[in-house]
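Here is a briefing on a protein fold. Look over the chain, then read the points on its sheets, helices and aromatic rings.

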Amino acid sequence: MESANAAYRKDEKINGTVYGMSPSPNFRHGIINANISRMIGNGLNNSLYLVFMENLDYHYHPEINDDYFCPDIMIICDRNRLKGGAYSGVPKFIAETLSPSTAIRDRTVKKDAYEKAGVEEYWIVTPNGKSLEIYYLNNHKYILQQNYILVSDPEDSDFNAETVITLKAFPNVTMTLKDIFENAD
């Protein structure tokens, strides 16, 4: 008999090869994703867009093959492209929170695939370093727009915990660096 964990296993399929995403990342990963997802959901405020956290496969080039990723956070805008547990449209926003088992793929293969697919905004969040990289698509190429490392001590001259970040395509979605990393210690 399979355990409950064995029945629910996350994986990704890249160039025809399935990569398991086990073991699960540590608790910081989940807390950060929940923080970001909650703030996006609040900002979208019952719009036509949907935010998904770690539970929807993204078929990033369904016209070519059946490869897929499982983004940490994704905002979708075309509900007609939802089928079962997968989305085959172009998300407006994707965030990946780095974990030891996926960091290289998040920074290379996945970033390149998101860029090629036309995802307008891509975030790479690093829990241990409390950093955030924000990429915007410009002429079909990602440009690093912002790169933050959280400095939460108000006495520090580089204090930036109250820096407000707004999603490019969603001006009602705002959060601070402090909000993103809240309770992730």
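**Sheets, helices and rings**

Six strands make up an open, mixed sheet, ordered β3-β5-β8-β9-β10-β11. Strands here are DSSP runs of E with at least two residues, helices are runs of H or I with at least four, and both are numbered from the N terminus. Two strands pair if DSSP finds at least two bridges between them. The model is predicted: local features need pLDDT of at least 70, side-chain atom pairs count only at pLDDT 80 or more, and totals for chains, interfaces and linings use all residues. Residues are numbered from 1 along each chain as its sequence is written, and side-chain values use heavy atoms, with hydrogens and water left out.

- β9 (residues 121-126) pairs with β10 (residues 131-138) in the antiparallel sense, over six bridges.
- T126 has S131 in β10 as its bridge partner.

**Helices on this sheet**

- Helix α2 (residues 27-44) packs on the sheet and touches β3, β5 (73-76), β8 (93-97) and β9. Contact means heavy atoms within 4.5 Å.
- The direction of α2 makes about 175 degrees with that of β3. Axes are lines fitted to C-alpha atoms, for helices over the stretch in contact, and angles run from 0 to 180 degrees between N-to-C directions.
- Helix α4 (residues 109-117) lies across β8, β9, β10 and β11, at about 130 degrees to β11.

**The three-strand sheet**

- An open, mixed sheet has the strand order β4-β7-β6.
- β4 (57-58) and β6 (82-83) stand at its edges with a single partner strand each, so one side of each has no neighbour in the sheet.
- β6 and β7 (residues 86-87) pair in the antiparallel sense over two bridges; K83 has A86 in β7 as its bridge partner.

**Aromatic rings**

- The structure holds ten aromatic pairs. Rings of Phe, Tyr and Trp (its six-membered ring) pair if their centres lie within 6.5 Å; planes under 30 degrees apart are stacked, over 60 edge-to-face, and the rest tilted.
- F69 and Y114 pair edge-to-face, 5.5 Å centre to centre, with 80 degrees between the planes.
- F69 is in the loop between β4 and β5, and Y114 is in helix α4, 45 residues apart.
- F69 is buried at 0% relative accessible area, and Y114 is buried at 0%. Buried means under 20% relative accessible area, exposed over 50%, partly exposed in between (1.4 Å probe, protein chains only).
- Y135 and Y142 form a tilted pair, 6.1 Å centre to centre, with 55 degrees between the planes.
- Ring pairs link Y58, Y60, F69, Y114, Y122, Y135 and Y142 into a cluster.
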